[in-house]
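Subject: Structure for your review

Dear colleague,

Here is the structure I said I would pass on. My notes on it follow.

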Amino acid sequence: MTQFSISPPAPAVRPVVSETVRDDRGRHFTIRFDAGQQLPAHRNRARVVITVLEGSGEITVDGYGMRRLPCGAVVQLDAGAEHAIVAGEHGLEVRVDL
């Protein structure tokens, strides 16, 4: 008799990105990740500030390695800094300010 293991379904390919909001503080949007979802390595043309609103995860920044992203963490990235994000086991929601 052949045994099969049932794995939990893989998370959706991409996290959910909200519409960009423009206000007196600049432009910002949110990104909601399910558990284990990733945003692959990429660069932004502008300086970016990432604030963890819910959950936790990890960010990898070229030249600095991997860092934990606990709820409440704020990370500032210079323009052109390559970075990738992965959500923890309970998901992750971040606000991105440009």
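Strands E2 (residues 21-23) and E3 pair in the antiparallel sense, with three bridges between them. In this predicted model, the two form a hairpin with two residues between them.

Strand E1 (residues 16-17) runs antiparallel to E3 over two bridges, and Val16 has its bridge partner, Arg32, in E3. The pairing of E3 with E8 is antiparallel as well and takes in six bridges. There, Thr30 is bridged to Arg95 of E8.

The other hairpin I looked at is made by E5 and E6, with three residues between the strands. Gly63, in the turn, has a positive phi of about 90°. E5 and E6 pair in the antiparallel sense over five bridges, and the bridge partner of Thr60 in E6 is Met66.

As for the protein overall, there are eight strands and zero helices, so the pattern along the sequence reads β-β-β-β-β-β-β-β. The protein has 98 residues, of which 31% count as buried. Among contacts with a separation of 6 or more, 64% are between residues 24 or more positions apart.

In soluble globular proteins, nonpolar side chains tend to be buried together. The largest nonpolar core here has 19 residues, and the members that touch the most others are Phe33, Ile50, Ile59, Ile85 and Val94. Two or more residues of this core come from each of strand E3 (26-33), strand E5 (48-61), strand E7 (74-77) and strand E8 (83-97).

What does Ile50 contact, leaving aside its neighbours within four places in sequence? The list is Ile59, Ala73, Val74, Val75, Leu77, Ile85, Val94, Arg95 and Val96. Ile59, Ile85 and Val94 on that list are also among the core members that touch the most others.

Three single residues

Glu93 lies in strand E8. Is Glu93 buried or exposed? Glu93 counts as buried because its relative accessible area is 12%, and the cut-off for buried is under 20%. Neighbours within four places in sequence aside, Glu93 is in contact with Thr30, Ile31, Arg32, Thr51, Val52, Leu53 and Glu54. Of these, Thr30 and Arg32 have already come up, Thr30 as the bridge partner of Arg95 and Arg32 as the bridge partner of Val16.

Ser56 is placed in strand E5. Ser56 has a relative accessibility of 22%, so it counts as partly exposed. Not counting residues up to four places away in sequence, Ser56 touches Arg68, Leu69, Pro70, Ala87, Gly88, Gly91 and Leu92. The C-alpha atoms of Ser56 and Gly72 are separated by 9.0 Å, and these two residues are 16 apart along the chain.

Gly80 is found in the loop between E7 and E8. Its relative accessibility is 31%, and therefore Gly80 counts as partly exposed. Which residues does Gly80 touch, not counting those up to four places away in sequence? They are Arg43 and Asn44. Arg43 is 37 residues from Gly80 along the chain, with 5.1 Å between the two C-alpha atoms.

The largest pocket holds about 200 Å³ of space. E5, strand E6 (65-69) and E7 are the elements that give two or more residues to its lining, and E7 supplies the largest share, three residues.

The residues that line this pocket are Ile59, Val61, Asp62, Tyr64, Gly65, Arg67, Val75, Gln76, Leu77, Asp78 and Ala81. By type, the lining divides into six nonpolar, two polar and three charged residues. Ile59 is named both in this lining and among the core residues that touch the most other members. Val75 and Leu77, also in the lining, are contacts of Ile50.

Regards

Notes: Residues are numbered from 1 along each chain as its sequence is written. This is a predicted model: local features need pLDDT of at least 70, side-chain atom pairs count only at pLDDT 80 or more; totals for chains, interfaces and linings use all residues. Side-chain values use heavy atoms; hydrogens and water are left out. A nonpolar core is a set of buried Ala, Val, Leu, Ile, Met, Phe, Trp, Tyr and Cys residues joined through side-chain atoms within 4.5 Å. Buried means under 20% relative accessible area, exposed over 50%, partly exposed in between (1.4 Å probe, protein chains only). Helices (H or I, at least four residues) and strands (E, at least two) are DSSP runs, numbered from the N terminus. Contact means heavy atoms within 4.5 Å. Two strands pair if DSSP finds at least two bridges between them. On a 1 Å grid over the protein atoms alone, a cavity is a set of points where a 1.4 Å probe fits but cannot get out, and a pocket is an open set with protein on both sides within 12 Å along at least five of seven lines; lining residues have an atom within 4 Å of a point. Grid points are joined across faces, edges and corners, and a volume is the space filled by probe spheres set on the points. Ala, Val, Leu, Ile, Met, Phe, Trp, Tyr, Cys and Pro count as nonpolar, Asp, Glu, Lys and Arg as charged, and the others, Gly among them, as polar.
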